[in-house]
Amino acid sequence: MKRIILSLILIAPAFGQVPRTADGKPDLSGIWQALNTANIDLQDHAAQKGAPAGQSVVDGNEIPYQPWALAKKKDNYANRATLDPENKCYLPGVPRITYLGLPFQIFERSDLVTILYEHAHANRFIYTNGTPHPKGPIDWWMGDSRGHWDGDTLVVDNVHFNDQTWFDHAGNFHSEDLHVVERYGLLDADHIDYRVTIEDPKVFTRPWNIDMVLYRHVEKNFQLLEYECYAFDLEPYYP
Amino acid sequence: MRFNSILLVTALLGTFVTGSAAAAEADKNTWPQHTPDGQPKVEGYWLAVDYGMGCLQNPLAGVGCLKEGEEPGRGNRSKSPKAPSRIIDPADGEIPYQPWARTKQQYYLSNYFEPTRPEFLDPQQLCLPLGPVRQLTWHDVHVLQYPGYVLFEHEGGHVFRIIPLDGRPHIGSSLKLWMGDSRGHWEGNTLVVDVTNNNSKGRLSRAGDFASDKLHLVERFEFLDADHLRYRAVFDDPSTYTRPWTFGFDLKRAIFGAENPTKDDAHYEQWEEACYEGMKPVDYSLRSDRSEK
């Protein structure tokens with residue numbers, strides 16, 4: 001018993017940095033939100049009416065498109081007011097759901113990390129129980145998520161996407177071969193370093209990285225509400 | 001002295017650890033087990049015993065309690081397989097609508113089979129969230145428990161409910177939500193949930209049954225044993241009904257998997273049901289346009 005108490009004392013300072021679950025993993029539970037303009041454009045962008053300026057969240061600011069894909073991206077950008085899938089309120093895919101602009105709540109346990117989003121009741125079940133991705137091909141909007149802990153970082157491997165979502169309103173896009181690796185690392189109790197590696201050999205010449213900070217909501221009684229995106233046009237029929 | 005204090009603390013800790021280990025061991029052999037924050041452990045997938053949303057009086061019957069394929073006016077309720085009415089109270093099994101509300105419900109129902117306007121389409125056909133009560137009657141729900149929370153993950157249309165147990169007040173009354181605003185607490189093995197802020201747009205059945213956005217719901221999820229759940233919801237909405245009434249049905253623990261079905265549902269996963277993304281435009285479902293399309 002003495003040895004246990006001594007061990008607890010020795011470990012305590014290291015464990016004080018970030019909240020931890022009973023099994024010692026960093027506890028990501030809580031309500032989080034990105035506070036940036038990545039949903040408008042992942043890269044450096046000047047302000048336009050209704051769309052604030054923002055600094056790039058892409059490492060090096062360059063998205064390494066293949067030539068044909070760069071041309072398509074430019075076309076997407078020119079026609080973004082009508083072509084952005086967000087206009088149709090489709091599920092926004094990963095990682096766009098993270099920085100779409102609305103809060104989300106993480107519930108963590110040893111075998112499963114659940115993320116519930118205010119946007120359209122979108123949800124993600126990130127299985128951390130060692131199970132592999134189901135056999136594909138599957139064309140899901142939000143993909144299939146399997147996670148594991150790399151030290152204190154939750155690493156989430158995502159595959160099985162369709163090719164219908166964009167990364168932002170600026171027309172950055174991908175194919176159904178998209179492979180997304182997310183890394184959630186607590187910087188302290190109230191900030192997550194959110195790093196994402198995007199890989200899609202059909203569209204890009206190499207993998208590229210996104211990095212941003214997610215902020216914890218600390219307001220008393222803050223909770224998720226609803227943004228039932230696709231319902232707005234239908235609501236008038238159901239008074 | 002200092003040594004004695006350490007001994008005392010060690011002895012007390014020892015007693016505590018032994019005591020809680022014994023309690024945990026006892027808990028393992030009885031139902032229900034408990035979560036670390038003291039909730040009865042009721043996690044898993046749950047499913048309505050009698051599936052169906054067409055008729056509250058007989059969920060196994062067709063829309064408006066008609067037989068499958070029957071048109072209104074020629075129906076015969078007695079010919080349908082019978083399941084318990086979901087209207088527990090009043091005893092006559094009818095929702096105590098005010099006269100204007102009954103007229104409105106019948107108007108929706110009479111237009112269900114040949115919808116000419118969007119409001120005659122059942123909200124479920126448009127992939128809309130169905131509200132806290134009706135959503136529970138559709139597909140399975142995965143119940144998950146966390147310190148201070150119960151989560152309901154509905155497979156249908158990936159709708160979820162987050163139910164805080166910390167006694168916090170409801171959100172402002174002018175904020176209306178498709179799934180309402182839920183506050184829960186445990187009374188023994190019964191989860192009691194107070195639901196306000198309902199926009200009530202999801203309706204209660206395909207037969208046009210409805211509440212208003214003034215609805216106050218009190219739900220009772222009574223977990224009878226490891227595999228059986230009795231659900232009751234009292235509808236209080238003086239703007240629509242002549243008296244409060246009770247919606248109720250039974251759920252069972254869902255066991256999935258064609259091969260080696262087991263109560264150990266760890267192998268089951270809810271997969272994406274992107275309902276709206278596959279939906280046809282509203283006009284497509286309307287009678288006047290169907291022939292052209």
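View 1. The model is a predicted one, in which local features need a pLDDT of at least 70, side-chain atom pairs count only at pLDDT 80 or more, and totals for chains, interfaces and linings use all residues. Residues are numbered from 1 along each chain as its sequence is written, while chains are lettered from A and ligands numbered from 1 in the order in which they are written. The helices (H or I, at least four residues) and strands (E, at least two) named here and below are DSSP runs, numbered from the N terminus. B:Q124 is buried because 20 other C-beta atoms lie within 10 Å; a residue counts as buried with 20 or more other C-beta atoms within 10 Å of its own, as exposed with 12 or fewer, and as partly exposed in between, the C-beta atoms being placed from the backbone. When neighbours within four places in sequence are set aside, B:Q124 is in contact with B:M53 and B:L130, a contact being two residues whose C-beta atoms, placed from the backbone, lie within 7 Å. B:R203 is 79 residues from B:Q124 in sequence, yet the two C-alpha atoms are 9.0 Å apart in space.

**View 2. Strand β10 (residues 245–253) of chain B and its pairing with strand β1 (residues 44–48) of chain B, strand β2 (residues 87–89) and strand β9 (residues 228–236).** Two strands are said to pair if DSSP finds at least two bridges between them. The pairing of β1 with β10 is antiparallel and has 3 bridges, and within it B:A48 has B:L251 as its bridge partner. Strand β2 also runs antiparallel to β10, joined to it by 2 bridges, with B:I87 opposite B:F247. Between β9 and β10, again antiparallel, there are 8 bridges, and here B:R230 stands opposite B:D250. Chain B has 5 helices and 10 strands in total, and of its 293 residues 35% are buried.

**View 3. The side of chain A that touches chain B, where 26 residues of chain A are in contact with 29 residues of chain B.** On the chain A side, the elements that give two or more residues are β2 (104–109), β3 (112–117) and β4 (123–127). The residues on this side divide into 17 nonpolar, 5 polar and 4 charged, where Ala, Val, Leu, Ile, Met, Phe, Trp, Tyr, Cys and Pro count as nonpolar, Asp, Glu, Lys and Arg as charged, and the others, Gly among them, as polar.

**View 4. Chain A, with its 4 helices and 9 strands.** The radius of gyration of chain A is 19 Å, close to the 18 Å that the globule rule gives for 239 residues, so chain A is as compact as a globular protein of that length; the radius is taken over C-alpha atoms, and the rule is 2.2 Å times the number of residues to the power 0.38. Of the 239 residues in chain A, 37% are buried.

**View 5. Residues 5–16 of chain A, a stretch with pLDDT below 50.** The pLDDT, which is the predictor's confidence in each residue from 0 to 100, averages 93 over chain A, and 93% of the residues score at least 70. Over residues 5–16, by contrast, the pLDDT is below 50, and beyond near neighbours in sequence this stretch has 1 contact in the model. Where pLDDT is low, the predicted coordinates should not be read in detail.
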